[in-house]
Amino acid sequence: MTIDNANTVFSISDATTLAFNTGMLTATLTTVSKENPDSSLTTTDLAKQSAVNNLYTVFYAFIYDLYSKFSIVLKVYRHLQEVIRPTGKVLAPQLDSKRSDTSNKITRKKSSKQPSLVAPPLSLKSRRPILCLEPKILVLDLDETLIHSTSRGTSHEADYMIEIRIDNHACLYYVFKRPHVDYFLSKVCEWYKVVVFTASVAEYADPVIDWLEATVMARYNLKKKIFAGRYFRESCIYRNGAFIKDLTKIEADLSKIALVDNSPITYSYNQDNAIPIQSWMNDNSKDEALLELLPFLDALRFVHNLRNVLSLRIGGSMRKSSPPSPS
């Protein structure tokens, strides 16, 4: 796809080439790290490098998308100017240079006023923004992405406790929040329509989501609820012993939706919409995975088609770790 304006041609291949180079760089760094255990490159360095590369990819895609919209608006504006404005010029009648008295001057000034055929400029209130952003949908996994639950623990250690019945047996679960999850949710709910999609049963997940939402709203004094929708195990597709999430059940237009999930098998049907995140099992109190996602998500919301950006990671090292789609 190209846009020709003022003898300047912009192509999406530039962004694709950048993304491919980003993937090859990440793959090369990973290989070097494995072959040289004593190298100074660490997993954290690779993760940060990958995050920076992803930001550059989104930035170039956003600039291209913004330029295309601006070019179209500029062409329409010039066309309207040619249609509204007349070809001829309306000249006001010349006033007599010989004026005898003040009253004659006032009379001539009033009679010299002619209705203008040129359309007045649009007021600030009637002008529309050049870039209209349609809210995108951000789907979040629950367990091992936002929280971690276990049946082993104590009440003073857990952030929340919930008791449910499974096969007529009462089960008590201790729930732990992932570090920075409250701040993460308070920000993404401003940028996206946030939806929770979990493979857990509703009897367990629904009250946990209620508790998580209530604590974030109270902490940051939010008036609007964070989660616009909730999907549970019954909305998943069971295939080969795994629960797979089909994003078309949430939004038919996949260009407007993204999924943050720690399990690659769950998004095997929609790999071009996935944003992988490392699993959290309450084993790292200094985890910053959610914080590292915020700059990327902040830039991603300006992209017209999310799949054009998210699918670029498949050409890099991520393809090696992604399992094939189940048959």
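Predicted model: local features only at pLDDT ≥ 70, side-chain atom pairs only at ≥ 80, totals over all residues.
Trainee: What share of the residues in the protein is buried?

Mentor: A residue is called buried under 20% relative accessible area, exposed over 50%, and partly exposed in between, with a 1.4 Å probe and protein chains only. Of the 327 residues in the protein, the buried share is 35%.

Trainee: At what angle do helix H4 and helix H5 pack?

Mentor: Two packed helices are described by the angle between their axes and the distance between the axes. Here the axes are lines fitted to C-alpha atoms, for helices over the stretch in contact, with angles from 0 to 180 degrees between N-to-C directions; angles under 35 degrees count as roughly parallel, over 145 as roughly antiparallel, 65 to 115 as roughly perpendicular and the rest as oblique. H4 (residues 181-191) and H5 (residues 202-220) are therefore roughly perpendicular to each other. Their axes lie 10 Å apart, and the packing angle is about 80°.

Trainee: Which residues of H5 meet H4, and how many of each class are in the contact?

Mentor: Contact means heavy atoms within 4.5 Å, and from the H4 side it involves Val-181, Asp-182, Tyr-183, Leu-185 and Ser-186, which meet Leu-212, Thr-215, Val-216, Arg-219 and Tyr-220 in H5.

Trainee: What covers the buried residues of H5?

Mentor: The buried residues in H5 include Tyr-204, Val-208, Trp-211, Leu-212 and Val-216. Their cover includes H4 together with strands E4 (147-150), E5 (160-166), E6 (169-177), E7 (192-197) and E8 (227-231).

Trainee: How far apart are the end C-alpha atoms of H5?

Mentor: The expected span of a helix is 1.5 Å times one less than its number of residues. The 19 residues of H5 should therefore span 27 Å, which agrees with the separation of its end C-alpha atoms, 26 Å.

Trainee: Which parts of the chain does the aromatic pair of Tyr-173 and Tyr-204 tie together?

Mentor: Rings of Phe, Tyr and Trp (its six-membered ring) pair if their centres lie within 6.5 Å, and planes under 30 degrees apart count as stacked, over 60 as edge-to-face and the rest as tilted; the count comes to five aromatic pairs. One of them, Tyr-173 with Tyr-204, is tilted, at 5.9 Å centre to centre and 55° between the planes. Tyr-204 counts as buried at 7% relative accessibility, while Tyr-173 counts as partly exposed at 23%. The pair ties together parts that are 31 residues apart in sequence, namely strand E6 and helix H5.

Trainee: Where do Phe-197 and Tyr-231 lie?

Mentor: These two residues also form a tilted aromatic pair, with 5.6 Å centre to centre and 50° between the planes. Phe-197 is buried at 0% relative accessible area, whereas Tyr-231 counts as partly exposed at 22%. They are 34 residues apart, Phe-197 in strand E7 and Tyr-231 in strand E8.

Trainee: Is Glu-144, with its positive phi, buried or exposed?

Mentor: Most residues other than glycine have a negative phi. Glu-144 has a positive phi of about 70° although it is not a glycine, and it is found in the loop between strand E3 (136-140) and E4. At 17% relative accessibility, Glu-144 counts as buried.

Conventions: Residues numbered from 1 in each chain as written. Heavy atoms only, no water. Helix = DSSP H or I, 4+ residues; strand = E, 2+ residues; numbered from the N terminus.
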